Amino acid sequence: ESEAESEAESEAESEVSEEGEGLYVLTRTAFVSPTCENISPEDNEIVEELEEGSRVRVLELVEVEQRLRARLAHPQGWITLRNTETGRHWAVRQGEERSSGESEVSEDETEDETEDETEDE
């Protein structure tokens, strides 16, 4: 095995181990499939559609067709965590959701603050 092959393998392993098992938060809608193969959103085999912001527990990771696929505890099935070619993510490890430095305030939080101020008057 050449050094370049060893380095490529260890880089791939470190990418998987960085993501690894654990809790994740969806950064976009994901479709849960019954197998680790990637399926189309129009496929009638979809187990469930998970909305952005959903939290899931990842039990296993497998790279299939340029996608890092994750086996979920619930709902039982598989989602794509990341496109390994483009780097596009569908979910990030919990606690890393805002690591990009963006501070997000949801509309609900803004409305709650407005209601609180009104009640005080």
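**View 1. The protein chain and its order of helices and strands.** The protein chain has two helices and seven strands, where helices (H or I, at least four residues) and strands (E, at least two) are DSSP runs numbered from the N terminus. Along the sequence they follow the pattern α-β-β-β-β-β-β-β-α. Of the 121 residues in the protein chain, 26% are buried; buried means under 20% relative accessible area, exposed means over 50%, and partly exposed lies in between (1.4 Å probe, protein chains only). Among contacts (heavy atoms within 4.5 Å) between residues at least 6 apart in sequence, 53% join residues at least 24 apart.

View 2. The predictor's confidence in each residue is given as pLDDT, from 0 to 100, and the mean for the protein chain is 75, with 64% of its residues reaching 70 or more. Over residues 4-17, pLDDT stays under 50, and the model has six contacts beyond four places in sequence for this stretch. Where pLDDT is low, the predicted coordinates should not be read in detail.

**View 3. The largest nonpolar core and valine 56.** A nonpolar core is a set of buried Ala, Val, Leu, Ile, Met, Phe, Trp, Tyr and Cys residues joined through side-chain atoms within 4.5 Å. The largest one holds 15 residues, of which Leu26, Val56, Leu72, Ile79 and Leu81 touch the most other members. At least two residues of this core come from each of β1 (22-26), β2 (30-32), β4 (55-64), β5 (67-72) and β6 (77-83). Leaving aside neighbours within four places in sequence, valine 56 is in contact with Gly22, Leu23, Tyr24, Leu26, Leu50, Leu72 and Ile79.

**View 4. Alanine 30 in strand β2.** Alanine 30, which lies in strand β2, counts as buried because its relative accessible area is 3%. Not counting residues up to four places away in sequence, alanine 30 touches Glu48, Glu49, Leu50, Ile79 and Trp90. Alanine 30 and glutamate 51 are 21 residues apart in sequence, and their C-alpha atoms are 6.7 Å apart in space.

**View 5. Arginine 67, a buried charged residue.** Lys and Arg count as positive and Asp and Glu as negative, while His and the chain ends are not counted. Arginine 67 is buried yet has no salt bridge, and the nearest side chain of opposite charge, that of glutamate 65, is 6.4 Å away. Beyond residues up to four places away in sequence, arginine 67 touches Asn38, Val62, Thr80, Arg82, Asn83, Thr84 and Trp90.

**View 6. The salt bridge between glutamate 60 and arginine 71.** A salt bridge is a side-chain nitrogen of Lys or Arg within 4 Å of a carboxyl oxygen of Asp or Glu, and by this rule the count comes to one. The side chains of glutamate 60 and arginine 71 form a salt bridge, at 2.8 Å from N to O. Glutamate 60 belongs to strand β4 and arginine 71 to strand β5, 11 residues apart. Glutamate 60 counts as partly exposed because its relative accessibility is 32%, and arginine 71 is likewise partly exposed, at 31%.

**View 7. Two loops with particular backbone features.** Glutamate 65 lies in the loop between β4 and β5, and its phi is near 50°, a positive value in a residue other than glycine. Glutamine 66 has its place in the loop between β4 and β5, with a positive phi of about 60° although it is not a glycine. In the loop between β5 and β6 lies histidine 74, which is joined to proline 75 by a cis peptide bond with omega of about -5°. Histidine 74 counts as exposed because its relative accessible area is 64%.

Terms used
Residues numbered from 1 in each chain as written. Predicted model: local features only at pLDDT ≥ 70, side-chain atom pairs only at ≥ 80, totals over all residues. Heavy atoms only, no water.
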